[in-house]
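Please read it alongside the sequence and the structure shown below.

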Amino acid sequence: PAVDTVLLLDRGLDTVTPLLTPLTHEGLLDEILGIEGGTHLALRASAFMSAADIEAGKGDPDDPESLLYFPLQTAGDPIYSSIRNLHTAAAGRELSALARSLAETRANFRNKKSDVTVAELHEFVRGGQLASFAGMKSGLDRHIRLANVVKAVTSDPTFMAGWQTERSALEGEGVVDKAEEAALCGHTGPVRVLRWACLQSAVSGGIKAGRLDALRRAVVQRHG
């Protein structure tokens with residue numbers, strides 16, 4: 001759809017929010033998988049392959065031909081429209097509810113199939129209900145696959161610890177020591193470590209020079 005309104009915000013009004021890990025479904029899709037052009041995801045098939053599948057040689061996960069494209073547009077996709085701005089946990093519950101609803105619809109149709117007249121069956125097919133059901137199921141399967149990828153990351157203890165570190169910073173606790181430890185241990189990427197440092201600086205009015213130098217040395221020592 002055409003965009004007829006542009007809202008510009010001076011980032012200087014809020015320097016904290018961009019440093020935080022998002023909690024919405026769409027925000028996490030972009031944070032973890034990277035939404036391209038604001039319209040779609042382009043993921044390797046390996047994102048949906050289990051370790052057992054990869055070890056068994058079921059397809060080459062690094063084959064450029066194995067890229068899967070997932071459109072992410074609210075127009076024509078009622079499922080994405082309903083979950084994109086939900087908290088990631090609420091999005092999962094919404095997808096589960098939709099899956100149950102579709103399963104019930106399918107079961108009800110099968111149960112009364114013997115009583116359906118030819119005219120009713122013709123109307124079900126020609127009236128678009130069959131195509132609508134198939135399209136909804138296909139879309140739901142796609143979004144469930146994406147949600148499972150997000151859940152696998154957000155359920156990881158390291159990722160959850162990062163969320164807690166950000167919360168601690170917002171509550172006024174110092175997180176520079178945690179950032180330095182994470183940098184030295186290497187279990188957290190340099191971008192996230194630096195985001196924690198920037199967050200600490202933004203909410204606390206800066207970082208003492210000595211603490212900043214120690215963090216800088218830790219990052220350089222580990223990541224070069």
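**Overall make-up**

The secondary structure of the chain, taken from a predicted model, comes to 10 helices and 2 strands. Listed from the N terminus, the elements follow the order α-β-α-β-α-α-α-α-α-α-α-α.

**Chain totals**

- The chain has 224 residues, and 27% of them count as buried.
- Among contacts with a separation of 6 or more, 68% involve residues 24 or more positions apart.

**Helix H8 against helix H10**

- Helix H8 spans residues 176-185 and helix H10 spans residues 209-223; the two pack at an angle of about 15°, with their axes 8 Å apart.
- Because angles under 35 degrees count as roughly parallel, H8 is roughly parallel to H10.
- The crossing of these two helices, H8 and H10, is left-handed.
- On the H8 side, the contact is made by Val176, Asp177, Ala179, Glu180, Ala183, Leu184 and Cys185.
- On the H10 side, the contact is made by Arg211, Ala214, Leu215, Ala218, Val219, Gln221, Arg222 and His223.
- By class, the residues of the contact of H8 with H10 comprise 9 nonpolar, 2 polar and 4 charged.

**Helix H8 against helix H9**

- The axes of H8 and H9 come within 9 Å of each other and cross at roughly 170°.
- Because angles over 145 degrees count as roughly antiparallel, H8 is roughly antiparallel to H9.
- From H8, the residues Val176, Lys178, Ala179, Ala182 and Ala183 meet Val193, Trp196 and Gln200 of H9.
- The contact of H8 with H9 divides by class into 6 nonpolar residues, 1 polar and 1 charged.
- Val176, Ala179 and Ala183 of H8 take part in the contact with H10 and also in the contact with H9.

**Glutamine 200**

- Glutamine 200 lies in helix H9, which covers residues 190-204.
- The relative accessible area of glutamine 200 is 7%, so this residue is buried, the cut-off being under 20%.
- Leaving aside residues up to four places away in sequence, glutamine 200 touches Glu173, Gly174, Val175, Val176, Gly206 and Ile207.
- One of these partners, Val176, is in H8 and belongs to the contact of H8 with H9.

Technical notes: Residues numbered from 1 in each chain as written. Predicted model: local features only at pLDDT ≥ 70, side-chain atom pairs only at ≥ 80, totals over all residues. Heavy atoms only, no water. Helix = DSSP H or I, 4+ residues; strand = E, 2+ residues; numbered from the N terminus. Buried < 20%, exposed > 50% of the residue type's maximum accessible area, 1.4 Å probe, protein only. Contact = heavy atoms within 4.5 Å. Axes fitted to C-alpha atoms, helices over the stretch in contact; angles between N-to-C directions. Parallel < 35°, antiparallel > 145°, perpendicular 65-115°, else oblique. Left-handed = near helix turned anticlockwise from the far one by under 90°. Nonpolar A, V, L, I, M, F, W, Y, C, P; charged D, E, K, R; others polar.
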